[in-house]
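Colleague: I would like to learn how to read features in a model. Please start with a single residue and go on from there.

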Amino acid sequence: MGQQRRTSTDTPSPHYRLLGIGAGPANLSLAALLHEEPTIPHLFLDKKQHFTWHDEQLLAGATLQVSIFKDLVSLSNPTNRFSFLSYLHAHGRMYHFLNAQFSEVPRAEFRNYLQWAADTNEDVVFGEEVKEVDFDGMFRVRTNRRTLSAENIAIGVGTVPKVPDFVEPHLGPDHFHVSQYLRHCDQLAGRKVAVVGGGQSGAEAFLDLVNRRGPAAPEQVAWVSRRRNYFPIDDSTFTNEFFMPHYSDYFFRLPAPVREQVSTSHLLASDGISESTLKAIYQKLYHLQFIDENRRGFGLFPNRTVLGVDGANGRGWELMIGHNDEPDQTQSLTVDAVVWATGFRSAPKGFLAPLRGRWETENGEFKVDEDFAAVWDGPPDRSIFVQNAVRGQRGLPDVNLSLNAWRAQRIVDRLHGRAGMESAVSFVDWSAKAGSDSPWSM
Ligand SMILES: Cc1cc2nc3c(=O)[nH]c(=O)nc-3n(C[C@H](O)[C@H](O)[C@H](O)COP(=O)(O)OP(=O)(O)OC[C@H]3O[C@@H](n4cnc5c(N)ncnc54)[C@H](O)[C@@H]3O)c2cc1C
């Protein structure tokens, strides 16, 4: 296939074997693997005018939290032309990348790689929003420009920012979600600021604010977290076995309450803060307090939940805070602005309204089969694949980059009607069931 970018108006055929809705890393992975499958006509649509990847959180020093091998394709097909290695090669920077010896790859470089993969794949179209999907034996996909038909669809619409309900009415320059950080952060200069949220995004915002000097610096910065402390991501060897296909399949077969319990107890395997970020923060605080300025200018408030905000007195915002171990104690912080690093939730899929009620759910998620196809009342050869939307059934890796390439390969194999490659068996014998892969079983 050629390198020419395809626009929505010159697409030769409005019928596809697979239509992808969204072109973030999840569906880009599928698009990359399908690029080498000429027997499966496909197209991916994204509503954004051009590719971005959490661009308003691309702060200086931000790094990828996973291995660079977890690119769009390598863990399924290392020879695919959309690998990170191909990107480096295409841009003449293989040696430089090696010489740079990054212990963690800059997030901006991974973002640029993703953009290259989107821009050089002519089956990915931007500026086209899917408005409605109906089904009459074929999926009829209505966009802001046209109606297309497809035998299968792959939904990869990602996540949207999440803030507590009591914050919603105040959203704007004084209260903004961390996903809009770069849009608003310059207005924090000289003000008292709270960052709420103890994950990687909150840590990066706090670090950026305490790093600011001179007129750009806030007057004071507080960091509030519900977690008992500022905890690191667990990136150790055996924990990473949770991010292998073999474990994912084991997890999928567990009863729902057990899955929920497992994800809760291992949350830090995916949602903790990079050690390098924590160290940079701690060292900066040491400088601030003992070396540079001999003043604190910061406040650390872990193990607390923000219960409400009040701006009624017209002199800033009061944050009402509960202490998790001392429930009879409440604190209040007076600030001028708050950065809400309170996470993301699955993006709404209103475009599926005509099909509502036709698929099964589990705890509010699409119930899926082992190939990430929604269990629905349509014909078996017409599938609604869902990516990054079934964390309850597939666990923590479903929402991050780790199993993107493997999950997309499962979908490709299903479209071919073939059994996929056996996934590498874990070192750990996860299951006690007879017939598990263990050589210790009789
Ligand atoms: C700041 C940040 C850093 C992260 N870093 C890492 C990391 O280092 N490692 C890791 O494993 N994970 C990381 N993650 C988690 C995860 O990998 C990313 O959130 C990733 O972007 C998820 O990919 P996705 O394709 O599912 O969704 P998204 O990237 O959100 O993409 C969804 C796409 O769907 C499009 N869309 C939505 N609705 C429609 C519609 N109706 N029609 C057409 N298009 C539509 C959107 O425009 C969007 O482009 C990070 C997350 C954040 C927020």
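Modeller: Start with Asn303, which counts as buried because its relative accessibility is 8%. Buried means under 20% relative accessible area, exposed means over 50%, and partly exposed is in between (1.4 Å probe, protein chains only). This is a predicted model, in which local features need pLDDT of at least 70 and side-chain atom pairs pLDDT 80 or more, while totals for chains, interfaces and linings use all residues. Residues are numbered from 1 along each chain as its sequence is written, and side-chain values use heavy atoms, without hydrogens and water.

Colleague: Where is the place of Asn303, and what is its phi near?

Modeller: Most residues other than glycine have a negative phi. Asn303 has a phi near 65°, a positive value. Asn303 sits in the loop between β11 (298–301) and β12 (304–310). Strands (E, at least two residues) and helices (H or I, at least four) are DSSP runs, numbered from the N terminus. Phe372 also has a positive phi, near 65°, and is found in the loop between β18 and β19. Phe372 is buried because its relative accessible area is 1%.

Colleague: How many aromatic pairs does the count come to?

Modeller: A pair of aromatic rings is described by the distance of the centres and the angle of the planes. Rings of Phe, Tyr and Trp (its six-membered ring) pair if their centres lie within 6.5 Å; planes under 30 degrees apart are stacked, over 60 edge-to-face, and the rest tilted. The count comes to 27 aromatic pairs. One of them joins Phe110 and Tyr113, a tilted pair at 5.3 Å centre to centre with 50° between the planes. Both residues belong to helix α4 (residues 107–119), three residues apart, about one turn of the helix. Phe110 is buried at 1% relative accessibility, and Tyr113 is buried at 0%.

Colleague: Why is the pair of Phe135 and Trp376 edge-to-face?

Modeller: The ring centres of Phe135 and Trp376 are 4.9 Å apart and the planes are at 80°, so the pair is edge-to-face. Phe135 lies in strand β4 (residues 130–135) and Trp376 in the loop between β18 (365–366) and β19 (384–386), so the pair ties together parts 241 residues apart in sequence. Phe135 is buried, at 12%, and Trp376 is buried, also at 12%.

Colleague: Which charged end sits over the ring of Phe252?

Modeller: It is that of Arg394, 4.3 Å from the ring centre. The rule asks for NZ of Lys or CZ of Arg within 6 Å of the ring centre and within 35 degrees of the ring normal. Lys48 lies over the face of Phe51, at 5.7 Å from the ring centre.

Colleague: How many residues surround the ligand?

Modeller: There are 30, and the closest are Asp46, Trp53, Gln65, Asn388 and Leu401. A residue is near a molecule if one of its heavy atoms lies within 4 Å of it. α1 (25–34) and β2 (42–46) each supply at least two residues of this shell.

Colleague: Which ligand atom lies 3.0 Å from a backbone N or O atom of Val130?

Modeller: A nitrogen atom of the ligand does. A backbone N or O atom of Pro25 lies 3.2 Å from a ligand oxygen, and one of Gly156 lies 3.5 Å from a ligand oxygen. Taken alone, the ligand exposes 980 Å², and the protein buries 89% of that; such areas come from the Shrake-Rupley method with a 1.4 Å probe.

Note on methods:
Polar contact = N/O pair within 3.5 Å; in protein donor to acceptor, adjacent residues only side chain to side chain.
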